[in-house]
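The following note sets out, point by point, how the chains are built and how their elements pack. It is meant to be read with the structure open.

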Amino acid sequence: MTAEVIAARGLRVSYGKVEALRGVDLSIAQGEIFGLIGPDGAGKTTALDVLAGVLEPSGGAATVLGKSPRDARDDVGYLPQQFALFADLSVDENLAYVAGLRGVPRSEYEERRERYLRLMGIERFGGRLARQLSGGMKQKLALCAALVAAPRILLLDEPTTGVDPLSRRDFWRVIKSLAQESLTIAIATPDLEEAERCDRVALLYDGEVRRLGTPAELSAALGLDRLEIRTRSIVAAERAVAALGDGRGIEDVQSFGDRLDVLVRRGSEFDSVLGDELARAGVAVASIERAGPTLENVFVETLRELRPEPPFVAFPRSRPPRPVGGVAIEARGLVKDFGPFRAVDRLDLTVSYGEMYGLLGANGAGKTTTIKMLCGLLPRTEGTVMLGGQEHDLRSPALRRRIGYMSQKFTLYEDLTVRENLDFYAGVYDVPRAERARKIAWVLESSGLEGHGDTVVGSLPGGWRQRVAFGASVMHEPELLFLDEPTSGVDPLARRQFWRLIEAFARDGTAVLVTTHYMDEAQHCGRIALMAEAHKVAEGTPSEVVASVPGARSLDDAFVAIVERAGSRAA
Amino acid sequence: MNPGRVWTQARKEWTLFRRDRLTVALAFVLPLATLLIFGLAIRLEAKNVAVAVQDLDRTPFSRAYVAGLGESITFAVVRPSADPLAALHAGRAKASVVIPPGTERLLRRGYDAPIGVYIDGTDVVNAELIRNGLEGLAAASVPGRRPPVSADVRVWFNPGRKESLFIVTGVIAIVLGVFPPLLSAIAMVRDKEEGTIVTAYASRLTAAEFIAGKALAYLGVATAEWCAVVAVAMLVWRLGFAGDPTPLLVTTPFYLLAAIMLGLFVGSRVSTQAAAVQGVGPVNAMLTILLSGFMYPVSNIPWPLSLISYVVPAHYYIEVTRDAYVRGTGWPGVWYAPLALAALILLFFAGAWQSMRRMQLSR
């Protein structure tokens, strides 16, 4: 057994009446990559704050390298969830500041700065201000800053939230190589695909460790198998599986754009009969494959044991659903120039009523710019836009009432309560007075915030704020819905909830255009488009996009290959 | 205290300050604008006060009296109305003088001759000045009737009684007591508001080093402001040293540091820039202008408000600037100022340190 470098015994932290950690025990060995997962507000950030020595626990003890976390600060690099470097300092100046605070000798500083900037692939940007960096590059800089004092322990709090898959790969490549140099790494992440790469994982729930082990151990302990069903008619297949009932060992069903995942008890012979059952229901199945459960399955199943799943509450419609089909959003030759910089170049796209269309791409590829031009928030340089049958007066109040928009940054007022925010947006979007109470109650119920209407938004964890923001953007029953990274930083269970809601809106005829960094989420979309360097470089169903790249096994692989190809062509 | 870490912190603050062009511009434009506005606009002595004179006597004496009024710097004669009060009501005059018929005759016979005067008392200070001025003029216009005892006055220091000397020396202190703390308070609270302070918390930087680093950077900024303000004052008002400049040169760094530390103290106690700006902006400016002895002596301020004036740094510095540019007495008159300011620096530093000392997030 290698040496224990981080230990926590009965760690407790309370913020006033709220207990963020209630007796956490942890033991992390040298050279380990240790993942912290859990729903929003489970206490991941609090645990890392304590280990980094920036927060005093209210009970229990934590030791880092045999010392109190405060005394061990020189040997610990911390990358907090919120970017904690200076937007108005350059990359080099930020690194020099951190190196100065941590007493790194001048000669070593120069050498390390060069090494780490090169390692992260941002050595060309030393003179650039941090505010001019993309989200992914900012996080890379933050990692360099955490490494510049040559720490023995690295604490990373959601380092890849808002980071595109390409940068995320770079990140993990570096993390893996650091662990091989016997650096110990504790990382909190809402992304369970990432958590699969950790040596061991702790699942935190409500301030306590509920599962602990290697990803393989945790998956095996579940006692379930996962069946991947590929079919063209997902909705029919899902309905058919649901009709089979619970008695057959079905634990969970989750739909992705062109795939249905069914969790069944291990050893059940269900897959052999499932094909027949589906055929009998008239669903054409392309393939059924048996696979092990993912960490996401572990997460979801564990949380289901611990708390009732937030109920799926149907949206209280005041208008009949719109028939599916017909062009809702159309862009032709869309161009946006910022000075000499072309952010979006000759983009065409079409979204029909009832369709979920995903816009994917690396940080800075032009996704947000596109979405802002489409909903009329940003004037376009060239091209035409058609929204709901209208090509002119895209900012007219009548049209705006048919559009819902959730921006990447929080649009809620942090100093107002949840209810005050919702009241405000209901007013702004002209939700009829008589219906406001019902709609607001729906937002609270569907986001699991019943009884928290009077909580100030600023004190909610990020994931919950996103849910409220989503509710605020759909209360007026928009026919065209624009969602810009709606689930960034939201935990997996809440994310599923999110997508079920979005899907429900699509089924009721809403045209949905959504951007995301999570490839597993993109699977929910009927069609996706990939953007790189201002261009659309691929389009189709998720399966078509994967199939278009030889050798790609997942959308993630396809994304990286396509973006790299586009990058080399541009260079 | 580790000097390397203090220096790192100071250099970072300085770089951030320099990078924000607008803040840099405002750091110089606002103090200079304030200096010019205060220096040029504030006039404590009344000049050209409109006086409506109704001469019902129409004699050589009364005409000489009216002419005397018109010649004085203080008064300007305006056309009278039939009703002496009408001019006051209409706001045409601040005082109305009625010379009754037979005034000269009464005087010639050796009697007292009352002249009617109505004064607008809205502006208390000026009403008193007008009254003194009019009484003085009346006494002077009858030769040979001097009171038996008179004061032979000679004005010591500022013999020309130039108002600008009094005002400008005060404004220099006010400006340096108002603007630097605003900058330092914002610098302090911004780190907390933007979450960048976690980077400092995660290192071994102590609260004392953190505060000292910020203070050092802004001492540089404030010194530059001081140079600019004094240079403009010397150019515009021909301000020059009346005596030994040493007390001023020694006390100035203490004063600037006290002002900066006040800002850091407030910044450490609040959590938003909005709160910091309100605390160090209007509140500090008001206290500095009203309770520092800038316009009226501190001894006039009633207890317990007078106690506040002891923690207003400008209170001590104004004594030093006025001494340096007007009185020229030197150390004997102002020896206590650097000591008092040093005490304030320690007080504010302790206050800031008290709330930062853990260098941790608060639960």
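**Note on packing and architecture**

1. In helix 10 of chain B, Pro247(B), Leu248(B), Thr251(B), Tyr255(B), Ala258(B), Ala259(B) and Leu262(B) meet Pro313(B), Tyr317(B), Val320(B), Thr321(B), Asp323(B) and Ala324(B) of helix 13 of chain B. By class, the residues of this contact are 10 nonpolar, 2 polar and 1 charged. The model is a predicted one, and the contacts in this note should be read accordingly.

2. The geometry of this pair can be stated briefly. Helix 10 (residues 246–269) and helix 13 (residues 313–327) of chain B pack at an angle of about 160°, and their axes are 10 Å apart. Angles over 145 degrees count as roughly antiparallel, and helix 10 of chain B and helix 13 of chain B are therefore roughly antiparallel to each other. The crossing of helix 10 of chain B past helix 13 of chain B is left-handed.

3. Helix 2 of chain B contributes Ala27(B), Leu30(B), Pro31(B), Thr34(B), Leu35(B), Phe38(B) and Gly39(B), while helix 7 of chain B contributes Ser164(B), Ile167(B), Val168(B), Val171(B), Val175(B), Phe179(B) and Leu183(B). The contact divides into 11 nonpolar and 3 polar residues, with no charged ones.

4. Helix 7 of chain B also packs with helix 9 (residues 207–237) of chain B, at an angle of about 155° and with the axes 10 Å apart. These two helices of chain B, helix 7 and helix 9, are therefore roughly antiparallel to each other. Helix 7 of chain B passes helix 9 of chain B in a right-handed crossing. Among the residues of helix 7 of chain B in this contact are Ser164(B), Val168(B), Val175(B), Phe179(B) and Leu183(B), and those of helix 9 of chain B include Lys214(B), Glu225(B), Trp226(B) and Trp237(B). The classes are 17 nonpolar, 2 polar and 2 charged.

5. At the level of domains, chain B is divided into domain 1 (3–42 + 160–356) and domain 2 (49–140). The centres of domain 1 and domain 2 of chain B, taken over C-alpha atoms, are separated by 47 Å. For chain A, the assignment gives domain 1 (4–218), domain 2 (224–292) and domain 3 (327–570). The C-alpha centres of domain 1 and domain 2 of chain A lie 39 Å apart.

6. Which elements does chain B bring to its contact with chain A? The contact takes 21 residues from chain B and 26 residues from chain A. On the side of chain B, helix 1 (3–19) and helix 8 (197–201) are the elements that give two or more residues. Helix 1 of chain B gives the most, with 7 residues. The side of chain B that touches chain A has 7 nonpolar, 8 polar and 6 charged residues.

7. Chain A has an open sheet of 3 strands in the order 2-1-4, with antiparallel pairing. Its edge strands are strand 2 (18–29) and strand 4 (59–64) of chain A, each pairing on one side only. Neighbouring strands are turned by 15° against each other on average, direction ignored. Strand 1 (residues 4–15) and strand 2 of chain A pair in the antiparallel sense over 9 bridges, and Arg12(A) has Arg22(A) of strand 2 of chain A as its bridge partner.

8. Chain A also has an open sheet of 6 strands, in the order 18-19-20-16-21-22 and with mixed pairing. Strand 18 (403–406) and strand 22 (535–540) of chain A are its edge strands. Strand 19 (residues 480–484) and strand 20 (residues 511–515) of chain A run parallel and are joined by 5 bridges; Asp484(A) stands opposite Thr515(A) in strand 20 of chain A. Helix 15 (residues 462–474) of chain A packs on the sheet, touching strand 18 and strand 19 of chain A. Helix 16 (residues 492–507) of chain A likewise packs on the sheet, touching strand 16 (356–361), strand 19 and strand 20 of chain A, and its direction makes about 150° with that of strand 20 of chain A.

Definitions and conventions:
Residues are numbered from 1 along each chain as its sequence is written. Chains are lettered from A and ligands numbered from 1 in the order in which they are written. This is a predicted model: local features need pLDDT of at least 70, side-chain atom pairs count only at pLDDT 80 or more; totals for chains, interfaces and linings use all residues. Two strands pair if DSSP finds at least two bridges between them. Helices (H or I, at least four residues) and strands (E, at least two) are DSSP runs, numbered from the N terminus. Axes are lines fitted to C-alpha atoms, for helices over the stretch in contact, and angles run from 0 to 180 degrees between N-to-C directions. Two residues are in contact if their C-beta atoms, placed from the backbone, lie within 7 Å. Ala, Val, Leu, Ile, Met, Phe, Trp, Tyr, Cys and Pro count as nonpolar, Asp, Glu, Lys and Arg as charged, and the others, Gly among them, as polar. Domain bounds come from an automatic or database domain assignment. Angles under 35 degrees count as roughly parallel, over 145 as roughly antiparallel, 65 to 115 as roughly perpendicular and the rest as oblique. A crossing is left-handed if the near helix is turned anticlockwise from the far one by less than a right angle, and right-handed if clockwise.
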